[in-house]
Amino acid sequence: RESDHRAWTPVSCTVTRQNATVQGLTEGKAYFFRIAAENIIGMGPFTETNKEIVIRSPITVPDRPEDLEVKAVTKNSVTLTWNPPKYDGGSEITMYVLESRLIGKEKFHKVTKEKMLDRKYTVEGLKEGDTYEYRVSACNIVGQGKPSFCTKPITCKDEIAPPSLDLDFRDKLIVRVGEAFCLTGRYSGKPTPKVTWLKDDTVVKEDDRTKIKTTPTTLCLGIVKSVREDSGKYCVTVENSTGSRKGFCQVNVVDRPSPPVGPVIFDEVHKDHMIVSWKPPLDDGGSEITNYIIEKKDTHRDLWMPVTSATVKTTCKIPKLLEGREYQIRIYAENLYGISDPLISDEMKAKDRFRVPDAPEQPIIKDVTKDSAVVIWNKPYDGGKPITNYIVEKKETMATRWVRVTKDPIFPSTQFKVPDLLEGCQYEFRVSAENEIGVGDPSPPSKPIFARDPIAKPSPPINPEAVDKTKNSVDLSWQPPRHDGNGKIIGYLVEYQKVGDEEWKKANLTADSCPETKYKVTGLTEGLTYKFRVKAVNAAGESEPAYVPDPVEVKDRLEPPELILDANMAREQHVKAGDTLRLSAVIKGVPFPKVMWKKEDHEVSPKADIEVTGVGSKLEIRNTVHEDGGIYSLTVENPAGSKTVSVKVVVLDKPGPPRNLQVSEVRSDSCYLTWMEPEDDGGSVITNYVVERKDVASAQWVAVSSSSKKRSHLAKYLMEGTQYVFRVAAENQYGRGPYVETLKPIKAIDPLHPPGPPKNLHHVDVDKTEVSLVWNKPDRDGGAEITGYLVEYQEDGADDWTKFQTVPMLDCVVTGL
């Protein structure tokens, strides 16, 4: 039993000798032992050790140290390491003793002077080229044990060792997304190699997720939270001056796949099933797709029903559908590491989708002859059922009815030679496709073609010649070619060449800009001589050129001006006021004359629009007024002469106002009006005058006369004492002119005369300085009441009368005499 326990433990019950070995004891613990003898009757009493026994091994010197190795050698040092002895002799190691022997000598010499417990030591201060062997001993409290086995002889020189590489990873490594992985290993070499990590031939750089750790003997590349992009071929290179070693690892970071690529295509749709297809995921997660999971859902319900999860094809039949219901399909991709997100289709109604074929695209026509043409088309969508026949139709462009070109089937060829065309007619063609459902829509009509044999280039034009010229242009004329090559002549190309030059220049760039057999070549230089040629052009190309026989010198051809008058340039032109005046004439002359319009030898009114063209000139005045009348002249002039024509223009209008309105012979009930005719009668005879009067107190004019042809009128029926204003206007066939009014009002009263002389003047009293006079009224008062009497006196013998005063009565006292 252990000394601190009370319970006894049996060691053996079969010992027949008088000694026993007790095993399973714990070193350092104290034990008591007891022994009893036993026979067939039974076991006798125990005999116990009288004191505790502490379990210890017997102490000796240590065993020899193990694994003495040379770790580094230079030209003046050696580094050694070793492991402790298997048994320390029962007492802990107190130090190690390292000894060396120079090869050729007998004795070992102690290298370490100090007490050394480290199991690594560098012997320094050696001589380059010397060779040594080494051994090491362990010491405990008993003493120094046996030395280790000696090293091989070591020569002091710098050591060169090619790199070595010991990797802890295999050629392939599979890692789940999000997990970390680490590539580690050990390396050596002298001098110390450089360590480089590559991924897919690109140097790996450290970042938040990528860590690189290199010690003198170990290397490590670690990546945390790996992603799919971390997949690749990793390469570690250890390299020094003696060579290099490489280690490879194909890392595959795996994940569940990405969703299948849409859209989901409904290849076939029927009333009870559909066939759908899709594309594989862009990313299979680094592991082969093991299967696709397909589910369907009636859009009126929220429940997804499984279809299959055992297909690896990218197409699937969706069975057990209800006709008329709309369905959605969703598809998952699955690999060893999980299931992708789903791809969900558009809604699709379960119903038969077979139909007639689509209309083909617009057909192309080629190989046209005078009685046939080849129609070519592309196969359209067949509507879900194979196409069994094509129907080709033709019609003349101006007709409305399409006609089948043959009753025989046309299949599978997508072209047909149409026979029996009428030469010269223009045709269009169209194509329809037919399957077991029926005949589809026709294609758009082809471009129209004329049934005629292929065309050749035309022959040259005939007899080109220069028919006119100016200082910068030449007019050419020719006849059409004898042969048009069976194609319509599109037009002509005109070219010119300055005499002495080699280059021909184009006068027109395209043939359709000269469709007729004449052309004016412009932009030439005065005084130079030019050659000209003409080519005919049809759809097949240009003819050979036809040349104008002789070179042409460019200069003006002089012809004196010539005027061909239009009807509106007769000697006198009448136009009603407000209408438009038009004067025009055809003008000839080479060079084209300069054109000048004048009125009465002055510039014409700015309101006149003057137009000059290459064949004539026109003057136009809108909304004419009377002042636009007069003598207009047209002068044309060029270096060969000049010509002038004139026309008198009369603008017919209402007359002007009468002149010099006078009032005379005013009476209490009448007065006499006179006036002179207007200066302007408006181009027409004055038919009558209109006379009106107005009471100055009234706003209303009253007609006095509207038919007077004379230039005077007696205005009757006036109210005595009333003031009147009169006005007069002239009229002709074009209307009434403006009024002229009297300058001041006229009062309707009879004319006044001076009264007669007073009667019976005599004195009634006389004083020395005054005389009293009386008299009687005169016989006549002159048409108005007498307002007073003027009294005058004269000294006897004098010539002049002196005014005294005017008195209202019939008497007066003259004073101051």
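A residue is called buried when its relative accessible area is under 20%, exposed when over 50%, and partly exposed in between (1.4 Å probe, protein chains only). The model is predicted, so local features need pLDDT of at least 70 and side-chain atom pairs count only at pLDDT 80 or more, while totals for chains, interfaces and linings use all residues. Residues are numbered from 1 along each chain as its sequence is written, and side-chain values use heavy atoms, with hydrogens and water left out.

Rings of Phe, Tyr and Trp (for Trp, the six-membered ring) are taken to pair if their centres lie within 6.5 Å, and planes under 30 degrees apart count as stacked, over 60 as edge-to-face and the rest as tilted. By this rule, the count comes to 15 aromatic pairs. One of them joins W82 and Y96 in an edge-to-face arrangement, at 5.8 Å centre to centre and 65° between the planes. This pair links distant parts of the chain, with W82 in strand 6 (residues 77–83) and Y96 in strand 7 (residues 95–102), 14 residues apart; strands here are DSSP runs of E of at least two residues, numbered from the N terminus. Both W82 and Y96 are buried.

The rings of W675 and Y689 are also paired edge-to-face, because their centres are 5.6 Å apart and their planes stand at 65°. Here W675 lies in strand 57 (residues 671–676) and Y689 in strand 58 (residues 688–695), so that distant parts of the chain, 14 residues apart, are linked. W675 is buried, with a relative accessible area of 4%, and Y689 is likewise buried, at 4%. Elsewhere, ring pairs link W377, Y390 and F411 into a cluster.

How values were computed. Helices (H or I, at least four residues) and strands (E, at least two) are DSSP runs, numbered from the N terminus.
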